[in-house]
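Reader: Can you walk me through this model? Keep it quick.

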Amino acid sequence: MRIQTLLHDLSARFNRRTLPQLRHEGNFVLKEGKKLLNLASNDYLNLAQREDLRVQFLSQFEGKIPPFSASSSRSLSGNFAIYEAFEGYLGALFGGREVLHFNSGYHCNLSCIAALATLPETLFLCDKFAHASIIDGLRLSGAKFFRFRHNDVRNLELLLEKHHKNYKNFIIISEALFSMEGDFARLRDLIALKKRFGGVYLYLDEAHSVGCFGGGLGWAAELGLAAGVDFLVLTFGKALASVGACMVAAGGMRDFFINTARGLIYSTALPPINVAWSLFVFKKMREFEGERKRLLALASAFKKALEARGGLVLGEAYILSLILGDNQRALEFAAGLEKSGFFAPAIRSPTVPQNGARIRFSLHSGLEMSDLEGILALL
């Protein structure tokens, strides 16, 4: 095996990854004894830092805390009542649609896409910048798919026109808020295409938008278009400060995925206490409107300030990427940020395209503009 050669080649291209040794203290991390403002977390509403929420959550059990392990898959003995209570609550929020809980967004995308790929005469059309879990689901399942240029609705339209006579079902896949570009899917245009062509379904991953838009229900809900999305993925490990994910779909699909989604069938279910926490947070979602407004205001101000200093900045919300080009330059800039007290690691290929290396600033509602002034001074 040529493992060491592979690792050496990654190092030569400034593309070798390591796991940082960190301790967490509120908005900061400690790395090698240095205190750094953490700008690499997806805790967009700053809920993971809220001790008052944790105390309130635990106090409701009066000492009878839910189990820390399900000890089985849900299809065997691990289907605790809290899972179906959570799924029922979410389903009601989405107009009575069916919901199925998964251990993570990766489990959900990989499993559900592979399950859908078993449907005959089905072609997937996927945004080129969709998450790795989506691409892995397509590739590992042997699905028939094409990737359209990022947010290029015309390119997608041409693919539909070209292949429409050859397939019975088309599934368009996109993220709602893209994790690296920080921009939104052109959801209205996607739904318009769905209506124009027969047999077209829309699969939307709301990983980075759930919690922060639509009263907490995501970008599709914000636009009033959730009913036009056939497969809606919500993940809980980011703005919701929890773990897990779910698929929201029309009637009949829940039973289909229970019988075909291998990541559900062959995984021990998440601990009931984690699912109970997700339900607790969702029930309080409307209380966090102030956090949502502060986050978007901060992001807008910071983006304008970065651009005013000559930076090429991508992002339409609270995920902002300062584009630096090659890997070495991005690593050097990240090191400079660390020296100034900021933790914002370089993002390199294959997470982003070649020569698209960047610093990704992941903002949250617990920050103030004054916290970020050192970055602007460094620029």
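Author: What follows is a short chat about salt bridges, strands, a helix and a surface patch.

Author: This is a predicted model: local features need pLDDT of at least 70, side-chain atom pairs count only at pLDDT 80 or more, and totals for chains, interfaces and linings use all residues. Residues are numbered from 1 along each chain as its sequence is written, and side-chain values use heavy atoms, with hydrogens and water left out.

Reader: How many salt bridges does a search of the whole structure find?

Author: The search finds 16. A salt bridge here is a side-chain nitrogen of Lys or Arg within 4 Å of a carboxyl oxygen of Asp or Glu.

Reader: What does Glu-291 meet in a salt bridge?

Author: Arg-50, at 3.5 Å from N to O. Glu-291 sits in helix α12 (residues 289–308) and Arg-50 in the loop between β3 (34–38) and α2, so the pair ties together parts 241 residues apart in sequence. Helices (H or I, at least four residues) and strands (E, at least two) are DSSP runs, numbered from the N terminus.

Reader: Is Glu-291 buried or exposed?

Author: Glu-291 counts as buried because its relative accessibility is 12%. Arg-50, at 24%, counts as partly exposed. Buried means under 20% relative accessible area, exposed over 50%, and partly exposed in between (1.4 Å probe, protein chains only).

Reader: Which residues do salt bridges with shared partners join into one network?

Author: Arg-50, Asp-52, Glu-291 and Arg-294.

Reader: Back to α7. Which of its residues are buried?

Author: Leu-187, Leu-190, Ile-191, Leu-193 and Lys-194. They cover an arc of only 155 degrees around the axis, so they are on the same side of α7. The arc is that of the directions from the helix axis to the C-beta atoms. On the other side of α7, Arg-188 and Lys-195 are exposed.

Reader: Now strands. How do β5 and β6 run?

Author: Parallel, with 4 bridges joining β5 (residues 122–127) to β6 (residues 145–148). Two strands pair if DSSP finds at least two bridges between them. Asp-127 has Phe-148 in β6 as its bridge partner.

Reader: How does the chain cross from β5 to β6?

Author: Through helix α5 (residues 132–141), in a right-handed β-α-β crossover. Right-handed means that, with the strands pointing away from the viewer, the path from the first strand over the helix to the second runs clockwise.

Reader: What is the strand order in the open sheet?

Author: β11-β12-β15-β14, with antiparallel pairing. The edge strands are β11 (313–314) and β14 (346–347), and each pairs on one side only. 2 bridges join β14 to β15 (residues 357–362). Ala-346 has Ile-359 in β15 as its bridge partner.

Reader: Last topic. Which residues form the nonpolar surface patch?

Author: Leu-58, Ile-65 and Phe-68, with about 320 Å² of accessible area together. Patches are made of residues with over 30% relative accessible area and no salt bridge: like charges are joined within 9 Å, nonpolar side chains (Val, Leu, Ile, Met, Phe, Trp, Tyr) within 5 Å. Accessible areas come from the Shrake-Rupley method with a 1.4 Å probe; for residues, only the protein chains shown count as cover.

Reader: Where does Phe-68 lie?

Author: In the loop between α2 (51–59) and α3 (81–93). Phe-68 counts as exposed because its relative accessibility is 63%.
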